[in-house]
Amino acid sequence: NPEFVSSLSGQTLHSLLNYRKNEGTFYYNKDRSLPYRLIIVDEVSMIDLKMMVSLFDALTNIINNQEADFRLILLGDPNQLPSVERGAVLSDFLSEIDPKEKILSELKTSNRQSNQSNLYKLMKTIFPDNKESKNVISFDFPLVSNVQDGFSSKEDVLWIESLDKNPIINFELMITTLWDHLFFPQILEVNQWNLISESQLKSFSKEKFISFINRIRCLSIFRNGFFGIQNIHTKILNHAMKHFQNVKNNFPYVTLSNSIYFGGMPIIILKNDKSRKLFNGDIGLILSIGEELRAVFIIEGIL
């Protein structure tokens, strides 16, 4: 039933096991099993050893009860980065599971892009079917002279030709170009929604809201360091602050705690807030509603 499935919402494992921060323990454990007949865990490659042990502790009595109608489904990609904490649980599981047990299903066909796309070819270069193959990235993908030229391309993978031998200079040029020709135009688009009241926001198209959020992603294999995501984030905001200070218009923005917030700015939750039903990883937008800037999220299907 599609309507039933769409009504379901996920939660973190910490929330599922009911983590008690003051005690450093979980409410559900070896002595108190989870009260569910079906549990589906996604992104298992990110789960560390301690967390997985805690999950199985809370399932011990159910698993030992042979008559219980219970299913545990684990979903994940062993080729993704392992958990931050100790352990590579998914990879260890796969190395120990006997294929004859028929409890393992492997997705071999991509449902995100065709096997003729450059993105698919790049993925297969990094993770070849033959594990003994050398991971040599092809340079046959289309080449553009700068980031701006890439915006009009319909290719899903592009090489950007370096204009300077110094990678730091190229990095700075990329940030400013992305802001001027991609980020800021999209931000202007959001501020043309002209939301003037909370009631108008509630009737606003959720599909349009989600569609815009899904257009913005910045991925990096590093968190810290010059090329890490935190530094990229800081540089984008610093450039945004200079931009708004130099542009003479009524663009909605405020500065708080040495940072800047502006209409159309995507934000991500980094710490659970149960009172507001916001959890780590939730993504929203800063929107100008009337004369105020507000952080807006979709919570339980409602803006």
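**Reading a sheet and a core**

Me: Which residue stands opposite isoleucine 267?

Reply: Isoleucine 267 stands opposite glycine 284 in β10. This is a predicted model, where local features need pLDDT of at least 70, side-chain atom pairs count only at pLDDT 80 or more, and totals for chains, interfaces and linings use all residues. Residues are numbered from 1 along each chain as its sequence is written, and side-chain values use heavy atoms, without hydrogens and water.

Me: What counts as a strand, and when do two strands pair?

Reply: Strands (E, at least two residues) and helices (H or I, at least four) are DSSP runs, numbered from the N terminus. Two strands pair if DSSP finds at least two bridges between them. Here β9 and β10 (residues 283-289) pair in the antiparallel sense over 3 bridges.

Me: In what order do the strands of the open sheet lie?

Reply: The order is β9-β10-β11, with antiparallel pairing. β9 (266-268) and β11 (292-296) are the edge strands, each pairing on one side only.

Me: What is a nonpolar core, and how many residues has the largest one?

Reply: A nonpolar core is a set of buried Ala, Val, Leu, Ile, Met, Phe, Trp, Tyr and Cys residues joined through side-chain atoms within 4.5 Å. Buried means under 20% relative accessible area (1.4 Å probe, protein chains only). The largest nonpolar core has 20 residues, and Trp179 and Phe244 are among those with the most contacts inside it.

Me: Which element gives the most to this core?

Reply: α11 does, with 6 residues. The elements giving two or more residues are α8 (167-191), α11 (229-246) and β8 (259-262). Apart from this core lies another, of 19 residues, including Leu13 and Val44.

Key. Buried < 20%, exposed > 50% of the residue type's maximum accessible area, 1.4 Å probe, protein only.
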